Every structure is written in C-alpha cells, then in structure tokens.
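Thanks for asking me to look over this model with you. Here are my notes, written so that you can follow them with the structure open beside you.

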Amino acid sequence: MTSSADASYIALSGGVGGAKLALGLCDVLENPGRLTVVTNTGDDFEHLGLKVCPDLDTLTYTLAGLANLETGWGRAGESGAFMEALGALGGETWFFLGDKDLAIHVERTRRLRAGESLSTVTSDLCARLGIEARIVPMSDDPVPTVVETEDGPLAFQHYFVRERCRPKVLGFRHEGAEQARASSGFLDALAAPDLGAVIVCPSNPYISIDPILAVPGVRDALAACEAPVIAVSPIIGGEAVKGPTAKMMAERGIAPSALAIAEHYAGLIDGFVLDEADRAEAAGIAATGVAVEVTATMMTAREEKQALSRAVLAFANRRGAAR
Ligand code: FO1
C-alpha cells in the first residue's frame, strides 16, 4: 500500500459536483500533479460549428480559478456581446456561450481540426492555465450521450439545456462506445504502480460516470485495480445536490437515495461515502458489500471541498491498508 504522501490518485468526474471534489483534492494533496482527473465527454457536442466539451471546461475553469461559481459552468465575469450579436443575426442562442468562454471552443476546435487529439489539446490548455493536476478525457474518440425520452432520442445538450431536462427519461445510450478506446492518460494512470485510490466523484452516475464506464475495458480495469475504488454519493437526503439526478432516478422507477447510488456501482467500488443526513442508510449500503464512511458531503465553501477530500483520502488509505 503506497502511503498517501507519494501515491497517485485518479478521480472520475463529470459536471459541477465532480469539479468541486477535484478542486478539494488539488488543495489537499501535497502534489496535485499526482492527481489524474478522468473526465466525461458524453456531454460534448458540435454547436455553431464548434466542438463544445462542457465537463472538460467546467473542470478546467474550476481548477484554474476561472469558473462562474453561481452557474457552475462557463467563466466568471462573462459578457454576452457575441450571443447578442448572434441572436440579432438569427443564430441559435439557447446555449449561452460567453465572450471569454468562446475562446476555448474556438481554439480547441481549430486544434482538433488540425489533427491534434482531445487529450493533447486538453493537456496544453491546462498547462497554459497553470493547472497542476492532469485532466484527461475518458477517451479521444467521441462517445456522445443520447437521452432516450418519451418524446424520442435527444442529444445530451438538447435534453439538458434546450429542453431544460423536461422530457421524461427512459434511458441513455453512449453512442460509439464500442469503438472507443480509453485515453492513454487514463490507462497510464490506472497502470501506475503507486496508485493509491480511484475516486468516483459525486457526479450524476447516469450522465457523468456511466459514459466513462461504457468505454471498453474500463470496468474490467477498475475491477482488477489493486487500489481501492471509492464513490462519493451525489444524493443527499433523497435530493441531488445539483442537476437532474433525482428526477432521472424517479422517472426510471428508482427511489432517489444514497443506497440506490451504491447499488448502481455495486461490484465496482470498495467504499462508499455518504452524508450525515443519510446515516440511516449506512447499514443497507454496507450490505451491498462495501465499506461505508459517513461524513459531511455538501460542498459549498472551499473549506468543505477540502474537508471532504481529506475524509475521502483517509477513507481510501484505510481501505487500501485493509486490502
Ligand atoms: N447549461 C445551461 O443550463 N445553459 C447554458 O446555456 C449552458 C451553456 C454552457 C456553455 C458552455 C459550457 O461548458 C457549459 C454550458 N452549460 C449550460 C452547462 C452544461 O450544459 C452542463 O454543464 C453539462 O453538460 C452537464 O454537466
């Protein structure tokens, strides 16, 4: 078991919850360069001729201290001159692209069209923004999430933003997953001899974590992983901290609870972290065969992100030692 001081860590992340815990981990790890954040790309889409990668951008802006903390996406101190001018010309304005945010979409699209991989572009943009942690896409191949709704299939951003998550969700498809390859950064991090833990962030399991698990070989690699795999619940007291997780669960006939999340990850995780509000579920979750850690998991202040990160790392170290 590698001591936490010189261990490396992997975080599986998507959306705002993932970015918050990734920030807390970067704050508390002695060397944030030992953290690889594997990011969901199922939300990515082509829009206005640009390749938009929301979860990569939310993570990048959060770790670079540029994120709009009210919305959780896009950049702080944004302006909408481009959107206003676009609207006046009859362009699509349902997906807000701020003037500063636009730069990352334009530059990423230019470099991808020039033949660079998403991993290479992501790594270079992060270096330019002074981010020490390694942010890697789950795959350099597209695996767009399609939301099956009662009104038919919808591209993710059409469901999430254009339709405002209104349609009833019947299921999800991860298009192209069979042909996708895990990114080299992801595979290298999994193979690292000093890997201390894999942390499944408190992201929406269906739209942020399942796309990562849908990439061929990922589930097997996690199951074979020597290091403990620890998940943090995105549900507190039957409610999602942010976003449509609880709504999706209810629409799929699943009671929104920390237990349901633990069951969703059954067979994949060694430990589960849930909030004090759900302490009564600890026994039921332990019965799924995982170790349980009860702590405060709501992350609003920076200190709460740090405190949860410390608790998760300590829990992972105990699980690792117990293996
Ligand atoms: N979410 C919204 O609810 N409305 C938007 O107009 C919007 C624009 C947007 C632009 C760039 C970006 O990186 C994210 C954006 N998001 C917007 C959030 C995005 O839909 C979600 O963050 C993820 O796809 C789900 O976590």
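1. A word on the basis first. This is a predicted model, in which local features need pLDDT of at least 70 and side-chain atom pairs count only at pLDDT 80 or more, while totals for chains, interfaces and linings use all residues. Residues are numbered from 1 along each chain as its sequence is written, and side-chain values use heavy atoms, with hydrogens and water left out. Helices (H or I, at least four residues) and strands (E, at least two) are DSSP runs, numbered from the N terminus.

2. Let's begin with the sheet. It is open, with three strands in the order β7-β6-β8 and antiparallel pairing; two strands pair if DSSP finds at least two bridges between them. Because β7 (152-155) and β8 (169-174) are the edge strands, each with a single partner, one side of each has no neighbour in the sheet. From one strand to the next, the twist averages 25 degrees.

3. How is β6 joined to β7? Strand β6 (residues 145-149) runs antiparallel to β7 and is linked to β7 by four bridges. The two strands form a hairpin, with two residues between them.

4. Helix α8 (residues 205-214) lies across β6 and β8, and runs at about 35 degrees to β8. Here and below, axes are lines fitted to C-alpha atoms, for helices over the stretch in contact, and angles run from 0 to 180 degrees between N-to-C directions.

5. Is Arg-108 buried or exposed? Arg-108 sits in helix α4 (residues 101-113) and has 2% relative accessibility, so it counts as buried (buried is under 20% relative accessible area, exposed over 50%, partly exposed in between, with a 1.4 Å probe and protein chains only). Its side chain makes a polar contact of 2.5 Å with that of Asp-57; such a contact is a pair of N or O atoms within 3.5 Å, and within protein one must be able to donate a hydrogen and the other to accept it, with residues adjacent in sequence counting only if both atoms are side-chain atoms. Beyond four places in sequence, the contacts of Arg-108 (heavy atoms within 4.5 Å) include Lys-51, Cys-53 and Leu-118.

6. Arg-108 also takes part in the packing of α4 against α2 (residues 54-63), where Leu-56, Asp-57 and Tyr-61 in α2 meet Asp-101, Ile-104, His-105 and Arg-108 in α4. The two helices pack at about 125 degrees with axes 12 Å apart, and are therefore oblique (under 35 degrees is roughly parallel, over 145 roughly antiparallel, 65 to 115 roughly perpendicular, and the rest oblique).

7. On to α5 (residues 118-128): its axis and that of α4 come within 10 Å and cross at roughly 140 degrees. That makes this pair oblique as well. Among the residues in contact are Arg-108 and Arg-111 of α4 and Leu-118 and Val-121 of α5.

8. Finally, please check two backbone angles. Most residues other than glycine have a negative phi. Leu-48, in the loop between β3 (45-47) and β4 (50-52), has a positive phi near 55 degrees and is partly exposed at 35% relative accessibility. Cys-165, in the loop between α6 (156-162) and β8, has a positive phi of about 60 degrees and is buried at 11%.
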